[in-house]
Amino acid sequence: MSSLLLQGGTLLLHDENDHVIPTISDLLIEGNKIVKIESNIKVAGDVRLIDCRGKIVSPGFIDTHRHMWQTQLKGRHANETLFEYLPTGNMAASLYSPQDVFWGQLGAALESLDAGTTTVVDHAHMNYSPEHNVSALSALAASGIRSIFGYCAHTRVKAWSPELQIEPDTIPEWFLKQLEELATKQPYGNGRVEIGLAWDNWYLPKEVVQKLFKDARSWGIKLVTCHFVKGPTLSIYPLLSEIDDRLFLCRSAFRLGFVRPRYLTFSFRKSRERRY
Ligand SMILES: [Zn+2]
């Protein structure tokens with residue numbers, strides 16, 4: 001079993017009230033478990049030592065919403081409104097090859113790890129073909145990060161000229177087939193990468209959404225993530241009441257949480273009482 005001793009770092013320890021108490025101490029890890037936290041831990045044998053003096057030792061951060069494929073677009077959209085961004089950023093996925101997706105995903109994962117973020121919920125709206133998804137998953141598995149790959153039904157560009165055309169079907173034939181295959185074979189990357197559902201398609205017929213959620217749950221998908229924006233432009237859609245009242249899903253069937261002011265996730269409860 002491999003061991004790692006972090007020496008003399010400032011540990012961000014949580015007390016019983018979940019307050020963070022910065023504490024200078026050693027920290028010993030055996031395998032994948034923290035087994036000891038105290039000053040001047042003595043070890044023998046094959047233990048890797050890391051001098052952490054002057055450094056912070058913290059639990060990994062969790063990024064609850066990211067479009068990892070967009071690494072190559074970084075810095076282009078800071079001054080844009082949402083409606084300026086949608087064609088130039090969101091829909092730019094139509095110009096990505098599966099290989100472009102791989103490098104975008106890998107870059108995002110590695111820079112996340114470099115910044116201390118060890119888990120990411122990836123809202124992957126680059127789902128132009130099954131190959132794009134396989135490529136994205138391969139990058140996540142290779143990167144070392146923990147992630148929920150949010151398999152996504154999104155607006156797809158059919159043509160940019162002579163005028164913008166959108167694919168009429170956001171759930172093409174291959175979509176569900178691949179989702180089932182990926183979800184039933186998860187996890188990937190030695191258990192680090194799971195399949196979730198990135199879902200903003202509340203406008204679809206009730207029966208379609210209902211069946212998809214039922215199937216997703218039966219395939220082992222545990223987490224759903226969607227955008228939720230309160231504001232003058234997009235709050236016309238009463239998402240929460242839709243989930244509660246129209247979508248039959250019932251909040252009781254989910255763990256529901258706002259992970260940022262503008263994003264929403266919910267996970268399926270493990271309950272015998274399944275209501276759809
Ligand atoms: Zn987003």
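Select alanine 198 first: its bridge partner in β12 is threonine 225. The model on screen is predicted.

**The whole chain**

Of its 276 residues, 27% are buried. Among contacts with a separation of 6 or more, 72% are between residues 24 or more positions apart.

Now colour by pLDDT. The average for the protein chain is 87, and 83% of the residues score at least 70. Select residues 271-276, where pLDDT stays under 50. For this stretch the model has 8 contacts beyond four places in sequence. Where pLDDT is low, the predicted coordinates should not be read in detail.

**Strand β11**

Is β11 enclosed or open to the outside? Because 7 of its 7 residues are buried, β11 is largely enclosed by the rest of the structure.

β8 and β11 pair in the parallel sense over 7 bridges. To look at one of the partners, pick phenylalanine 149, whose bridge partner in β11 is isoleucine 195.

**Over helix α5**

Select β11, α5 and β12 together; they make a right-handed β-α-β unit. Within helix α5, pick phenylalanine 213. Why does phenylalanine 213 count as buried? It has 21 other C-beta atoms within 10 Å, and the cut-off for a buried residue is 20 or more. Then pick leucine 197 as well: the C-alpha atoms of phenylalanine 213 and leucine 197 are separated by 9.0 Å, with the two residues 16 apart along the chain.

**Helix α3**

Move to α3. This helix has 14 residues and reaches 20 Å from its first C-alpha to its last, close to the 20 Å expected at 1.5 Å a residue. Which residues of α3 are buried? Select His132, Asn133, Ser135, Ala136, Leu137, Ala139, Leu140 and Ser143 to see them. The elements covering these buried residues include α2, β7, β8, α4 and β11. Just after the helix, pick glycine 144, which takes a positive phi of about 100 degrees.

Leaving out residues up to four places away in sequence, leucine 140 touches Gln105, Ala109, Ile145, Ser147, Phe149, Gly189 and Val193.

**The nonpolar core**

Last, select the residues at the centre of the contacts in the largest nonpolar core. That core has 40 residues, and those touching the most other members are Trp69, Ala124, Met126, Ala136, Leu140, Phe149 and Tyr151. To see where the core draws its residues from, show the elements that give two or more: α2 (98-114), β7 (117-124), α3 (130-143), β8 (146-153), α4 (173-185), β11 (193-199), α5 (206-218) and β12 (223-227). In soluble globular proteins, nonpolar side chains tend to be buried together.

How values were computed. Residues numbered from 1 in each chain as written. Predicted model: local features only at pLDDT ≥ 70, side-chain atom pairs only at ≥ 80, totals over all residues. pLDDT = per-residue confidence, 0-100. Contact = placed C-beta atoms within 7 Å. Core = buried A, V, L, I, M, F, W, Y, C linked by C-beta atoms within 7 Å. Buried ≥ 20, exposed ≤ 12 C-beta atoms within 10 Å, placed from the backbone. Helix = DSSP H or I, 4+ residues; strand = E, 2+ residues; numbered from the N terminus. Pairing = 2+ DSSP bridges. Right-handed = clockwise from strand over helix to strand, strands pointing away. Expected span 1.5 Å × (residues − 1).
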